[in-house]
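Reader: Hello! I am new to this structure and would like to learn how to read it. Could you take me through some of its features?

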Amino acid sequence: MYKTIPIKATFTDEDNLFWLFQCQQANNLWNCAVYHAKQKHYNWLEQQSDAFTTYWKGDDLRYGWKTYKCGTKYPELCRDLKDNPHYKAMAAQSAQQTLKSVAESISSYNQLVGLYYKGQVDRPRLLRYRQKGGLAAVTFPRQALTYKNGLFYPSVSKESKPELLTEIVLELPEFVDPDWVKEVTVRPYLGQLWIDWVIDDGKQPVEHNPSLDYSQAWSFDHGGDNWLTGVSTHGKSLIIDGRRLKSMNQGYARLVAKYKAGKPEFYWDSNLDRVQRKRNNQMRDAINKAARFIINRCLHDCVGNLIIGWNERQKDSSNMGKRGNQNFVVIPTKRLIERLKQLCPEYGIRLTVTEEAYTSKASYLDDDSLPRHGEKPQGWTPSGKRVRRGLYKSSKGHLINADCNGASNIAKKVATQLGLDLTKVSRGALTLPHRYDIFKSLNKSYRMRSVRVRVASAKAESVACGRRPRCANGDSSTV
């Protein structure tokens, strides 16, 4: 499987100047390619008799060009811009990667044009120019890299090589095999340069893991203070605390407001770069720790299914008030789901992302029906209600954790589809979940413990032929 490993670059002053120059040339080449594509497109529009027209946008009558697909392709960009000075200042294959990025963006625009005339998206805009004098990523495919004496030597153009003050090399991370490297990208990131190593370690996705029981599942409901609330079909429940994440985002927002006080709307400086980098690193750390903990928990409990409730566009369309939106929107749950999509195939865990409409209102203990969003039957009412924050009361007066009620309803939505057994998800499992703080209570040895146990268990199973696989807790798994 292909993976990307981002590493902060530690270049010398001479190397740093070279890479900044290359990033500037990539940025300028991008703008030249966009200008070429736009000029060709508008020249073609002028030849059409009915391309310029009036149209309504809301209550305003406007006029301009009709929306047509752009006919510029990568071969044409490469042919017409090969004599461009910015193209010549870069290595040929690196410059071609930049032009391919422009061509891919044009192709995406053309697809949006088709969806626009079907009424599925708003009117798309043709490619925009990058900031003048800015920096863009420089990409080298494996063919443009030479490996020698533990170092990678990227290609350098003939125009740039005579002016070099030092030899340009890229140091490979210790845990990466040189044969795995497929592509290297040097990119600017908030005032710093980072190196993205794209590798292929040869591992294939696991379709079926015989050590996991695919009739069992962990189901998670996301929120604010309780970032992730999970309920297992084994009758267990947990909460991954989100108050620390909320505090980090509040501190970030205060610093941004402090540095931008009295400044223009789009003001940005090195202090804001530093604040943004710190916040992004904190969120990435939280995502990686939470994802690893969830995967390890599934492996430890021999659970083959992972279910997460998620409604598309619920972040940019939330209407919970100013303070509620501030506390909810900044939590990176969608990025966590994307991270789980990367990790689950490595261990044979099946990830299901389902819509979560009415899962918080309906009562799991009363077996309420769960309609999809926009399909609620007339007269549908939940049997229970949330009496206060974090506490749900069923029709029989039983009090359970409100988020656990939502997580169990999420599992119920896909129970028939996945063939899950929900008999052990009872009142006791939904009453008192265990709370985890991924920043304090989960050290590295804890996060990696289940992986080591799983590897040892797999080795033992391969030796003991004819026996049923055993779970990490000693119970026999259903295969």
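**Reading the features one by one**

Author: Gladly, and let us start with a pair of residues: D301 and R297 are both buried. They also form a salt bridge with each other, the closest N and O atoms being 3.4 Å apart. Please keep in mind that this is a predicted model.

Reader: How many salt bridges does the count come to?

Author: The idea is to look for a side-chain nitrogen of Lys or Arg within 4 Å of a carboxyl oxygen of Asp or Glu. By this rule the count comes to 16 salt bridges.

Reader: Which residue forms a salt bridge with E355?

Author: The partner of E355 is K413, and their closest N and O atoms are 2.5 Å apart. E355 sits in the loop between β14 (350-354) and β15 (385-388), while K413 belongs to helix α9 (residues 402-413), so the pair ties together parts that are 58 residues apart in sequence.

Reader: Is E355 buried or exposed?

Author: A residue is called buried when its relative accessible area is under 20%, and exposed when the value is over 50%. E355 has a relative accessibility of 14%, so it counts as buried.

Reader: Where in the chain do K412 and D367 lie?

Author: First, the contact itself: the side chains of K412 and D367 meet in a salt bridge, with 2.6 Å from N to O. K412 is in helix α9 and D367 is in the loop between β14 and β15, so to speak two distant parts of the chain, 45 residues apart. D367 counts as exposed, because its relative accessibility is 56%. Salt bridges can also share partners, and in this way K3, D201 and E346 are joined into one network.

Reader: Let us turn to strands. How do the strands of a sheet pair?

Author: Strands of a sheet pair through backbone hydrogen bonds, and the pairing is either parallel or antiparallel. Here, an open sheet of 3 strands has the order β5-β6-β7, and its pairing is antiparallel. At the edges are β5 (145-148) and β7 (170-171), each of which pairs on one side only.

Reader: How many bridges join β5 to β6?

Author: There are 4 bridges between β5 and strand β6 (residues 151-154), and the two run antiparallel. On your screen, find T146, which stands opposite Y153 in β6. The two strands form a hairpin with 2 residues between them, and N149 in the turn has a positive phi of about 55 degrees.

Reader: And which residue stands opposite L151 in β7?

Author: That is E171. β6 and β7 run antiparallel and are joined by 2 bridges.

Reader: How many residues of strand β11 are buried?

Author: In strand β11 (residues 226-232), 7 of the 7 residues are buried, so the strand is largely enclosed by the rest of the structure. Its pairing can be followed on to other strands. Strand β10 (residues 213-222) is joined to β11 by 5 bridges, and these two run antiparallel. The bridge partner of S219 in β11 is V231, and a hairpin of 3 residues joins β10 to β11.

Reader: What sense does the pairing of β11 and β12 have?

Author: β11 and strand β12 (residues 237-241) pair in the antiparallel sense, over 5 bridges. L228 has I240 as its bridge partner in β12. Between β11 and β12 there is a hairpin with 4 residues, and G235 in its turn has a positive phi of about 90 degrees.

Reader: Which residues gather in a patch of positive charge on the surface?

Author: The patch is made up of K57, R62, R123, R125 and R128. Take R123 as an example: it lies in the loop between α4 (92-117) and β4 (138-141). With a relative accessible area of 33%, R123 is partly exposed.

Reader: One last place, please. Where is L391?

Author: L391 is in strand β16 (residues 391-393), and its relative accessible area of 21% makes it partly exposed. The C-alpha atoms of L391 and A402 are separated by 4.9 Å, and the two residues are 11 residues apart along the chain.

Methods. Residues are numbered from 1 along each chain as its sequence is written. This is a predicted model: local features need pLDDT of at least 70, side-chain atom pairs count only at pLDDT 80 or more; totals for chains, interfaces and linings use all residues. Side-chain values use heavy atoms; hydrogens and water are left out. Patches are made of residues with over 30% relative accessible area and no salt bridge: like charges are joined within 9 Å, nonpolar side chains (Val, Leu, Ile, Met, Phe, Trp, Tyr) within 5 Å. Accessible areas come from the Shrake-Rupley method with a 1.4 Å probe; for residues, only the protein chains shown count as cover. Lys and Arg count as positive and Asp and Glu as negative; His and the chain ends are not counted. The place of a charge is taken as NZ of Lys, CZ of Arg, CG of Asp or CD of Glu. Buried means under 20% relative accessible area, exposed over 50%, partly exposed in between (1.4 Å probe, protein chains only). Two strands pair if DSSP finds at least two bridges between them.
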